[in-house]
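Open the model in a viewer and keep the selection panel at hand. The stops below say what to select and what is there.

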Amino acid sequence: MQQTEQAKKQYQKMVERASPGSRTFANSLKAFVVGGLICDVGQLIRNLLLKGGVSEDHTAIYTAVILVFLGVLLTGLGVYDKIGKFAGAGSVVPITGFANSVAAPAIEYKKEGYVLGVGAKMFLVAGPVIVYGTLAATVVGLIYYLVK
Amino acid sequence: MYKNAGKQTLIFGNDGDPASAPRITACASIVGPKEGEGPLGRDFDVVSQDIMFGKDTWEKAESEVARQAVEMAANKAGLRLEDIRFVLAGDLLNQCIGSSFGMRAVGRPFFGLFGACSTFGEALVLGAALVDGGWADHVISSASSHFCSAEKTFRFPLELGTQRTPTASWTVTGDGAAVVSAFGDGPRITAATAGKIVDMGIKDVSNMGAAMAPAVADTLTRHFADMNAGPDHYDVIATGDLGRIGKELLIELMFKEGYDLTKNFTDCGVEIYGPEQDAHAGGSGCACAAVTFSGHFYKKLTSGKIGKMLLVPTGALMNQTTAMQGESIPSIAHAVRIEGMQITDNR
């Protein structure tokens, strides 16, 4: 038994050696550029809204809504997965990525019906983000409340 | 009767006479657009430009391609479906629905198989055994997979913007079907080595080649020992879907066992897509070995370009639940010895 465990460890080392890793630097650079561009688009929308006379409070919400809409639209058009393939985290982290993570399963599971398909599977990917996002927000909120 | 060799090998033919062994009288291969654009594109019988195969869900598309390939194989062998005694088929979808829904319209006795991507090997071995045992004149061994239905079953929704790791593979869309017959012309299935489940502790589902390579090494070592013949005995040894990384690992593993695989060894997953096709480590899925054999190697065997080959379809036997529970990936490989037309039929 000990011998097989050792053989397994040896083999795992062999696999690590043979398996090419992801190109971290190139991928990070792409993520930085594309993520930055998405933020630029957000800033542009914000500036236009402010220029159009929308109040400071409302622009934040409108900007988020418009970016989510764009994310969903590009997902529906089959473009966002291509951006994601190139940009990685650069297009996953912004709110457009969140929109993509909700829209993609919604499209995928439409054939299983609107209740058990779209309804149940829509948050397949985004679910953990919502769960732990809410949890983190609560913890931070509590700390803020106590420290203040 | 001489039907066994060593510990895990089946010998076909009357008293081990290869001339009377079950033969593959026809093969059909149907693939999707990406496979058609690959280096083997011209070898396949049908390259569908429609990845939906005229259906409205991916699951139906896979069943459709499975049905078409089985019917085409019978047709190419000059047989009616009624002449086919059994159909042995399998796929990757839950409860094997790709095959069973496809075979619903075929109306022949059906065995649904699951060996993950090794299914085509399993189907050939069992089909040859049924024919060699005298229970059937003709059977069809078939295996299918579909990129989209596999992604949906095992990974993420297609439109999700994610990156694949360099070790990930690309599920082949299509179906390869072989008619295994007791008589007629065609390369013989003269022996087969059934594989054991081997698990060397690899947990990365994006590196299935690494998980499967030790299973292939185990089966090959067993096969060479059972048959008392090394890799040199074959013109080609082709594994199913180890991909580029698994292929290198297998060469290294076999070298440690004292066998040199550098001369005549290839992998269907490496052959099916070109480097520019963005398939990362290579092709995978039940159809990978099935269509590459049915489209590519079968033609080489019948035209005499290959004399003897060892086809070794490989399977990673995890599912999404076991992967999420952090289990390692048990793997399997079955070796099928197929010999070309140089054997004269003296039956």
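Is B:Lys263 buried or exposed? Select it: B:Lys263 is exposed, with a relative accessible area of 61% (buried means under 20% relative accessible area, exposed over 50%, partly exposed in between, with a 1.4 Å probe and protein chains only).

Before going on, note that this is a predicted model, in which local features need pLDDT of at least 70 and side-chain atom pairs count only at pLDDT 80 or more, while totals for chains, interfaces and linings use all residues. Residues are numbered from 1 along each chain as its sequence is written, chains are lettered from A and ligands numbered from 1 in the order in which they are written, and side-chain values use heavy atoms, with hydrogens and water left out.

**Stop 1: salt bridges in chain B**

B:Asp232 makes a salt bridge with B:Lys263, with 3.8 Å between the closest N and O atoms (a salt bridge is a side-chain nitrogen of Lys or Arg within 4 Å of a carboxyl oxygen of Asp or Glu). B:Asp232 sits in the loop between helix 6 and strand 11 (236–239) of chain B, and B:Lys263 in the loop between helix 7 (243–256) and strand 12 (265–267) of chain B, so the pair ties together parts that are 31 residues apart in sequence. Helices (H or I, at least four residues) and strands (E, at least two) are DSSP runs, numbered from the N terminus. B:Asp232 is exposed, at 62% relative accessible area.

Next select B:Asp226 and B:Arg222, a salt bridge whose closest N and O atoms are 3.1 Å apart. Both residues lie in helix 6 (residues 208–227) of chain B, 4 residues apart, about one turn of the helix. B:Asp226 counts as buried at 10% relative accessibility, and B:Arg222 as partly exposed at 23%.

Then go to B:Arg337 and B:Glu339, where the closest N and O atoms of the salt bridge are 3.7 Å apart. B:Arg337 is buried, with a relative accessible area of 7%; B:Glu339 is buried, with 7%. Elsewhere, B:Lys55, B:Glu64, B:Arg67 and B:Glu71 are joined into one network by salt bridges that share partners. Over all chains, the structure holds 21 salt bridges.

**Stop 2: the two domains of chain B**

Colour residues 4–181 of chain B as domain 1 and 188–339 as domain 2; these bounds come from an automatic or database domain assignment. Their C-alpha centres lie 16 Å apart. In contact (heavy atoms within 4.5 Å) are 64 residues of domain 1 and 58 residues of domain 2. How many salt bridges are counted between domain 1 and domain 2 of chain B? The count is 0, whereas 29 residue pairs are in polar contact, both at pLDDT 80 or more. A polar contact is a pair of N or O atoms within 3.5 Å; within protein, one must be able to donate a hydrogen and the other to accept it, and residues adjacent in sequence count only if both atoms are side-chain atoms.

**Stop 3: where chain A meets chain B**

Show both chains. Here 33 residues of chain A are in contact with 29 residues of chain B. The rule finds 3 salt bridges across this interface. Select B:Glu252 and A:Arg17, whose side chains meet in a salt bridge (2.9 Å, N to O). On the side of chain A that touches chain B, the elements giving two or more residues are helix 1 (2–18), helix 4 (80–87) and helix 6 (95–108) of chain A. Helix 1 of chain A gives the largest share, 8 residues.
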